[in-house]
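Please keep the sequence and the 3D view open while reading.

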Amino acid sequence: MKPSTSTSHRGRRAALRTALALGATAALMTTTTGAAHAAPVRLDYPLSGTTHLKGTDSDLTLGPGTLRATADLAAGTLSADTELPPAKGEFHMIGIVPVSVTTEFVEPEPTKGTIDNKTGAVASTTKLTLRLKNLKVAGIPTPIGNSCQTEVPAVLALTSEPGFNPLTGGTLSGEYTIPKFEHCLLATPLINLIIPGDGNSVSLKLGPAQRPPA
């Protein structure tokens, strides 16, 4: 079916706006001289990914969310706000008891990082407080209150993988430690026995950069 003229025009206008934003960013990144005099660049990235939790030997699907980034090309630095929806996870305790829980991700401060003006490689540090909701053990709701969360934020040190491009996106990956939890009522000892620890991995996929809403 042939698209309507109005739909076609809207699509072309949206594509043109994105192309102009990305073209301007690309021009700023092509020369050191241009970067030295450039204003910070604001771009949004669609965000999704997975994290493997070593303590429960399970995976959580992350996103879809948004990374709202501001890059200072002159300084080679970036900051960003990470928005991720709650993620529902399931695993088996001691191999047989089914457990389900929802994890919320609260970013207490903006992500900080660096960007290489020549290669586009990115390294960043994100802090996320993990908040647990809706815990069920063997299908039975287990009270954990409204303030069950990590004592301190988890620190995710991420680096871009080969092929990453600030305009078209790519993958950021790394490992992190889950701190102990607090304020989880009587379930606190059980949660701290199973979930916290190091060796957790994360892989985040950034989609093509988008111009922020006006």
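The points below cover the core, the cavities, the disulfide and some backbone details.

The model is predicted. Its largest nonpolar core has 46 residues, and its largest cavity holds about 570 Å³ of space. One disulfide is present.

- As background, nonpolar side chains tend to be buried together in soluble globular proteins.

**Cavities**

- The structure has two cavities of 30 Å³ or more.
- The largest cavity, with about 570 Å³ of space, is lined by 47 residues.
- Nearest the centre of the largest cavity lie Leu67, Thr82, Thr126, Leu158 and Leu204.
- Strand S2 supplies the largest share of that lining, seven residues.
- By type, the lining of the largest cavity consists of 35 nonpolar residues, 11 polar residues and one charged residue.
- The second largest cavity holds about 80 Å³ of space.
- The residues that line the second largest cavity are Phe91, Val99, Val101, Leu132, Leu135, Val137, Leu190, Ile191, Ile194 and Ile195.
- Strand S5 (97-106), S7 and H3 are the elements that each give two or more residues to the lining of the second largest cavity.
- That lining has 10 nonpolar residues, with no polar and no charged ones.

**Disulfide**

- Cysteine 148 is joined to cysteine 184, with an S to S distance of 2.0 Å.
- The link between cysteine 148 and cysteine 184 is right-handed, with 80° about the S-S bond.
- The two cysteines belong to distant parts of the chain, 36 residues apart.
- Cysteine 148 sits in the loop between strand S8 (140-141) and strand S9 (149-150), while cysteine 184 sits in the loop between strand S12 (181-182) and helix H3 (188-194).
- Both cysteine 148 and cysteine 184 are buried.

**Backbone details**

- The peptide bond from glycine 63 to proline 64 is cis, with omega near 5°.
- Proline 64 is part of strand S2, residues 58-72.
- Aspartate 57 has a positive phi of about 50°, although it is not a glycine.
- Aspartate 57 is located in the loop between strand S1 (41-53) and S2.
- Aspartate 57 counts as exposed because its relative accessibility is 61%, and the cut-off for exposed is over 50%.
- Asparagine 134, another residue other than glycine, has a positive phi near 55°.
- Asparagine 134 counts as exposed because its relative accessibility is 56%.

Methods:
Residues numbered from 1 in each chain as written. Predicted model: local features only at pLDDT ≥ 70, side-chain atom pairs only at ≥ 80, totals over all residues. Heavy atoms only, no water. Core = buried A, V, L, I, M, F, W, Y, C linked by side-chain atoms within 4.5 Å. Buried < 20%, exposed > 50% of the residue type's maximum accessible area, 1.4 Å probe, protein only. Helix = DSSP H or I, 4+ residues; strand = E, 2+ residues; numbered from the N terminus. Disulfide = S-S within 2.5 Å. 1 Å grid on protein atoms, 1.4 Å probe; cavity = no way out; pocket = protein on both sides within 12 Å on 5 of 7 lines; lining within 4 Å. Points joined across faces, edges and corners; volume = space filled by probe spheres on them. Nonpolar A, V, L, I, M, F, W, Y, C, P; charged D, E, K, R; others polar.
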